[in-house]
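Here is a short briefing for a first look at this protein. Keep the sequence and the model side by side as you read.

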Amino acid sequence: MAGITKQQEWQMLHNACMECTACPLHQTRTNVVFGVGERKSPIMIIGEGPGEQEDLQGEPFVGPAGQLLDDMLKLIGLDRSMLYIANIVKCRPPRNRDPLTEEQDACSHWLAEQIRIMDPDIILCLGRVAAMRMIKPDFKITKEHGKWFLRDNRRIMAIYHPSALLRDERKRPETFADLREFRRVLRISYPEMYGGGCWVE
Ligand code: SF4
């Protein structure tokens with residue numbers, strides 16, 4: 001948009017999203033969960049949708065899965081201030097069920113706009129739902145987690161959702177290997193992240 005800064009564009013998007021009633025999930029939400037973090041980062045993390053705590057607090061990944069996500073980020077030398085976290089749908093599906101295809105369709109333009117404005121180089125999908133939306137509809141999380149894909153000139157990897165790791169600890173070693181691969185690429189692409197420098201202004 002001519003004459004509008006990215007910051008203004010982002011704020012307008014945020015404000016419009018807060019008012020969204022485009023799918024039935026608006027009827028049961030407490031808060032719209034737009035996303036959180038550093039939008040100037042080259043890294044975006046995408047989950048599937050808010051859970052109970054996220055709905056109550058209006059922020060993604062703040063419950064037990066969020067605590068585990070923080071631990072996972074710490075393992076690879078990252079924290080929330082160094083990236084942006086968003087979801088496929090911005091309002092909580094009842095009883096934490098998967099978001100329906102029609103809900104994802106109704107909501108996808110918000111995330112698409114976030115990606116367009118933020119323009120991340122690297123996207124990490126958490127779980128099957130995000131991977132099927134961002135990478136390919138027939139994505140198989142059990143076989144394809146930890147692999148790199150190229151979409152719109154962005155590198156995308158999916159790993160198990162932290163909630164899945166809480167339910168089944170046997171998946172953790174595989175996820176640790178995936179995170180090491182993620183860190184390997186980050187180290188090559190953004191050595192300043194690991195050398196004390198930072199891309200954040
Ligand atoms: S889930 Fe997305 S499309 Fe549905 S009401 Fe919330 S913001 Fe709008």
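Which residue in E6 is the bridge partner of Cys 125? The partner is Ala 158. Note that this is a predicted model.

**Overall fold**
- The protein has eight helices and six strands.
- Read from the N terminus, its elements follow the order α-β-β-α-α-β-α-β-α-α-β-β-α-α.
- The radius of gyration is 16 Å, close to the 17 Å that the globule rule gives for 201 residues, so the protein is as compact as a globular protein of that length.
- Along the principal axes, the C-alpha atoms fill a box of roughly 45 × 40 × 30 Å.
- Of the 201 residues, 38% are buried.
- Take the contacts between residues at least 6 apart in sequence: 68% of them join residues at least 24 apart.

**The sheet**
- Six strands make an open sheet, and their order is E1-E3-E2-E4-E6-E5.
- The pairing in this sheet is mixed.
- Strands E1 (36–37) and E5 (148–151) are the edges, and each pairs on one side only.
- E2 and E3 run parallel and are joined by four bridges.
- In that pair, Met 44 stands opposite Tyr 84 of E3.
- E2 (residues 43–47) also runs parallel to E4, again with four bridges.
- Here Ile 43 stands opposite Ile 122 of E4.
- On to E6 (residues 154–159): five bridges join this strand to E4, and the two run parallel.

- Strand E4 spans residues 122–126, and five of its five residues are buried.
- Both faces of E4 are covered.
- One side carries Ile 122, Leu 124 and Leu 126, while the other carries Ile 123 and Cys 125.
- The largest nonpolar core has 46 residues.
- Met 44, Ile 46, Leu 124, Cys 125 and Ala 130 have the most contacts inside this core.
- Elements giving two or more residues to the core include E2, E4, E6 and strand E3 (84–87).
- Helices H3 (64–75), H4, H5 (128–134) and H8 (172–189) also give two or more residues each.
- Which residues does Leu 124 touch, not counting those up to four places away in sequence? They are Ile 43, Ile 45, Met 157, Ile 159 and Phe 182.

**Around the ligand**
- There are 15 residues around the ligand.
- Cys 20, Cys 23, His 26, Cys 91 and Cys 107 come nearest.
- Helix H4 (residues 101–118) gives the most to this shell, with four residues.
- By class, the shell holds 11 nonpolar, two polar and two charged residues.

**Lys 6**
- Is Lys 6 buried or partly exposed? Lys 6 is partly exposed, because 13 other C-beta atoms lie within 10 Å, and a residue needs 20 or more to be buried.
- Lys 6 and Ile 188 are 182 residues apart along the chain.
- Their C-alpha atoms are separated by 27 Å.

How values were computed:
Residues numbered from 1 in each chain as written. Predicted model: local features only at pLDDT ≥ 70, side-chain atom pairs only at ≥ 80, totals over all residues. Near = placed C-beta within 6 Å. Nonpolar A, V, L, I, M, F, W, Y, C, P; charged D, E, K, R; others polar. Buried ≥ 20, exposed ≤ 12 C-beta atoms within 10 Å, placed from the backbone. Pairing = 2+ DSSP bridges. Core = buried A, V, L, I, M, F, W, Y, C linked by C-beta atoms within 7 Å. Contact = placed C-beta atoms within 7 Å. Rg over C-alpha atoms; globule rule 2.2 N^0.38 Å.
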